[in-house]
Amino acid sequence: MRQITLSELRSLAENAKDALNQAAVNQGRCIKTYYHWSAGHYGQFFDDYHLLIDKDGELYTTTEDLSEIKAATYMRNSGSVAVSLCAAYNSVLGSSVDLGPEPPTEAQLNKMAQVGAVLCNALEVPPDIQHVLTHAEAADNFDGLTTHDPYGPNADCERWDLYVLREGEEGYSGGNNLRGNIVWYQYHPTADMQ
Ligand SMILES: [Zn+2]
């Protein structure tokens, strides 16, 4: 695992694009990017994701090949890239959302949108529900795939990553907010995204 810049991420994604596309086509899909929280601590890293974003927005990669198949998103790992925030330990989805003592930070949310913009640009996919999904949305098959039963907030809620970005926000707003923020960064790239 190593810390990388957004421009290094762009190179990694460009290098993996053809292999990701081929793997996706083999599954009858398009390239997907999935956005998670780890449900672990800040500073706690997991090899199940390609990319990790720590508390202050530091970006890490666990691989030099983003087409490597990780165990991040049930039955959806071929032809996909998994990004996770190191956050949300002890978060609970009950009658309201409790993101626990280590919720996603603004720095993490901001970097996630920048990472999304770099990935969408480098992989040449639009930031729509077919290509950019939170794990909450993927778990509940918001893109229309039927290869697994729903296991998100609409079902047994086994996974609900980024159902909201912040406590008090509307249920399932996390994905729309992320995609909107990605579009914003596509039009307003930071210096190291270019
Ligand atoms: Zn997840």
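In this predicted model, ring pairs link F142, Y163 and Y172 into a cluster.

**Exercise 1.** Work out which class the ring pair of F142 and Y172 belongs to, and where its two residues lie.

*Solution.* A pair of aromatic rings is described by the distance of the centres and the angle of the planes. For F142 and Y172 the centres are 4.6 Å apart and the planes stand at 35°, so the pair is tilted. Both F142 and Y172 lie in the loop between helix 3 and helix 4, so their pair ties together parts that are 30 residues apart in sequence.

**Exercise 2.** Describe the aromatic pair of W37 and W160, and decide whether each residue is buried or exposed.

*Solution.* The structure holds 6 aromatic pairs, and the one formed by W37 and W160 is edge-to-face, with 4.9 Å from centre to centre and 90° between the planes. This pair links distant parts of the chain, since W37 belongs to strand 2 (residues 32-37) and W160 to the loop between helix 3 (135-139) and helix 4 (173-187), 123 residues apart. W37 has a relative accessible area of 3% and is buried; W160, with 9%, is buried as well.

**Exercise 3.** Characterise the largest pocket by its volume and its lining.

*Solution.* The volume of the largest pocket is about 320 Å³. Of the 18 residues that line this pocket, Y49, A72, H135, R159 and D161 are the closest to its centre. Sorted by class, the lining has 9 nonpolar, 5 polar and 4 charged residues.

How values were computed
Residues are numbered from 1 along each chain as its sequence is written. This is a predicted model: local features need pLDDT of at least 70, side-chain atom pairs count only at pLDDT 80 or more; totals for chains, interfaces and linings use all residues. Side-chain values use heavy atoms; hydrogens and water are left out. On a 1 Å grid over the protein atoms alone, a cavity is a set of points where a 1.4 Å probe fits but cannot get out, and a pocket is an open set with protein on both sides within 12 Å along at least five of seven lines; lining residues have an atom within 4 Å of a point. Grid points are joined across faces, edges and corners, and a volume is the space filled by probe spheres set on the points. Ala, Val, Leu, Ile, Met, Phe, Trp, Tyr, Cys and Pro count as nonpolar, Asp, Glu, Lys and Arg as charged, and the others, Gly among them, as polar. Rings of Phe, Tyr and Trp (its six-membered ring) pair if their centres lie within 6.5 Å; planes under 30 degrees apart count as stacked, over 60 as edge-to-face and the rest as tilted. Helices (H or I, at least four residues) and strands (E, at least two) are DSSP runs, numbered from the N terminus. Buried means under 20% relative accessible area, exposed over 50%, partly exposed in between (1.4 Å probe, protein chains only).
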